[in-house]
Amino acid sequence: MIQLENIIFLIVAALGIGLFVWQIRKIRKNVLMGRDVDLSDNPSERINKTLLVAFGQQKMFKRMLPAVLHLFVYVGFLVINIEVIEILIDGVFGTHRVLAFLGPLYSALMFINEILAALVIVACVIFLWRRNVTKLPRLATGVEMRAWPKLDANFILITEIVLMLALFTFNIAGLKLVQLDGGEVAGSYPISQMFVNFFGDNPNSLHIIERAGWWFHIIGILAFMNYLPSSKHFHIIMAFPNVYYSKLWPKGKFTTNPAITHEIKAMLDPSYQPPAPEMDAEGNPIVQRFGAKDVEDLTWKQLMDAYTCTECGRCTSVCPANITGKLLSPRKIVMDTRDRMEEKGESPAIFAPNHYKELGVERVQTTDEKTLLRGYITPEELWACTTCNACVESCPVNIDQLSTIMDLRRYLVLEESAAPASVNAMFTNIENNGAPWAFSPSDRFNWSEDLYVPSKN
């Protein structure tokens with residue numbers, strides 16, 4: 001019977017892990033749809049940033065209550081995975097509490113494990129309360145936070161509670177069985193010990209409950225693991241590479257367009273030879289766009305940002321444009337980028353191409369419905385941005401919302417000349433007069449002619 005159980009476990013584990021790898025490969029293909037960009041510089045600085053922001057949760061602690069609650073869930077996730085490793089080993093080899101040979105260290109791990117599991121349940125309950133009862137504005141408002149994102153967040157929290165309860169069920173029943181057999185308990189279980197008589201003292205019933213809790217916990221973890229790529233909770237994996245590859249230069253520094261740079265150098269230096277244009281697989285020159293119209297015009301890092309978004313709304317809650325009632329929501333920019341990438345690429349189909357319409361949410365309909373610009377994001381949203389970088393500064397996983405906004409705006413200006421009239425007037429003045437004002441350079445100091453200059457005497 002034990003051998004049959006091991007075989008079943010191996011099949012279930014192989015299917016769960018295989019499906020997860022398949023989904024990751026599809027997501028990788030989607031991310032690589034973007035333009036190439038070299039972010040391999042300064043590895044030591046990148047590692048330090050990853051340790052501080054991703055592992056150390058540095059930016060989370062700008063808001064203390066959610067930071068502490070998130071810390072419970074985050075540390076619980078890391079430590080409880082030790083017990084998951086043990087369960088996997090037990091499932092493959094038919095052992096029981098295989099890591100118990102660690103002695104006092106194992107007891108300490110199990111003790112911490114139970115405390116953290118209880119804290120995870122408490123944190124998730126509070127998170128559910130904040131989302132559904134108090135309805136924290138940044139979690140409940142915005143056109144992007146309609147049916148699916150809200151359902152996704154609640155499902156994740158409830159799933160985490162159920163998984164922790166399954167873990168306690170397994171521990172409580174197993175602890176009681178050891179006591180009935182008069183054996184020595186491997187490990188320390190402060191929470192389970194308080195409920196050791198909860199399931200009675202019938203050995204047969206306890207064995208069924210113990211096995212049911214064990215199987216439910218591991219199958220639930222495998223199922224949850226495969227749900228992650230279709231969920232906002234995917235940030236528990238993506239946060240680490242995303243922070244590592246986040247930009248190291250000052251937030252206010254913008255990138256330059258290589259094609260324009262080469263053009264200007266050629267104008268200033270007739271001997272300058274621009275590099276040959278890039279070729280596609282068929283040997284045709286790749287047309288360089290000025291800015292971004294669709295997801296393939298963005299960099300792979302900007303597309304990775306989209307998969308890393310936690311949908312926490314911190315960026316939107318500090319956006320001055322959004323606060324003053326304008327259409328811009330930095331969170332929506334990132335979520336729209338992910339949705340368009342899902343539509344154009346190959347990956348889990350939870351983020352359906354027309355999910356706004358399917359959920360009964362009216363999206364702005366335009367003549368260019370098949371691109372990120374106008375199909376998902378409107379020029380009005382983009383021009384509301386003040387480029388203050390508040391969204392970038394507030395993001396706990398170092399998403400750069402502003403770079404996507406600026407690339408989309410560049411396309412409007414450089415490819416379509418579709419800037420607002422006031423901006424176009426400024427461009428014309430700079431071109432003709434060398435300044436944003438509609439005055440000839442020779443007339444710039446006319447304002448001072450009638451000023452009274454007191455005599456030195």
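Tutor: Happy to. One term before we start: a helix here is a DSSP run of H or I with at least four residues, numbered from the N terminus. Also keep in mind that this is a predicted model.

Student: What is the span 67-89 made of, helix or strand?
Tutor: Residues 67-89 are 100% helix and 0% strand, and their end C-alpha atoms lie 33 Å apart. For residues 6-24, the end C-alpha atoms lie 27 Å apart, and that span is also 100% helix and 0% strand.

Student: New topic: where is R130?
Tutor: R130 is in helix α4, which runs over residues 104-132.

Student: Is R130 buried or exposed, and how far away is the nearest side chain of opposite charge?
Tutor: R130 is buried but has no salt bridge. The nearest side chain of opposite charge belongs to E160, 13 Å away. A salt bridge would need a side-chain nitrogen within 4 Å of a carboxyl oxygen.

Student: Then what does R130 touch?
Tutor: Leaving aside residues up to four places away in sequence, R130 touches L65, P66, K135, L136 and R138.

Student: Let's switch to rings. How many aromatic pairs are there?
Tutor: The structure holds 9 aromatic pairs. One of them is F9 with W215, an edge-to-face pair at 6.1 Å centre to centre, with 65° between the planes.

Student: Which helices do F9 and W215 lie in?
Tutor: F9 lies in helix α1 (residues 2-31) and W215 in helix α8 (residues 203-227), so this pair ties together parts 206 residues apart in sequence. Both F9 and W215 are buried.

Student: What about F234 and Y307, how do their rings sit?
Tutor: Their ring centres are 6.5 Å apart and the planes are at 85°, so this pair is edge-to-face. The pair links distant parts of the chain, 73 residues apart: F234 is in the loop between α8 and α9, and Y307 is in helix α11 (residues 300-308).

Student: And are those two buried or exposed?
Tutor: F234 is buried, with a relative accessible area of 1%, and Y307 is buried too, at 3%.

Student: Last one: which residues form a cluster with F9?
Tutor: F9, W214 and W215 form one aromatic cluster.

Definitions and conventions
Residues are numbered from 1 along each chain as its sequence is written. This is a predicted model: local features need pLDDT of at least 70, side-chain atom pairs count only at pLDDT 80 or more; totals for chains, interfaces and linings use all residues. Side-chain values use heavy atoms; hydrogens and water are left out. Helices (H or I, at least four residues) and strands (E, at least two) are DSSP runs, numbered from the N terminus. Buried means under 20% relative accessible area, exposed over 50%, partly exposed in between (1.4 Å probe, protein chains only). Lys and Arg count as positive and Asp and Glu as negative; His and the chain ends are not counted. Contact means heavy atoms within 4.5 Å. Rings of Phe, Tyr and Trp (its six-membered ring) pair if their centres lie within 6.5 Å; planes under 30 degrees apart count as stacked, over 60 as edge-to-face and the rest as tilted.
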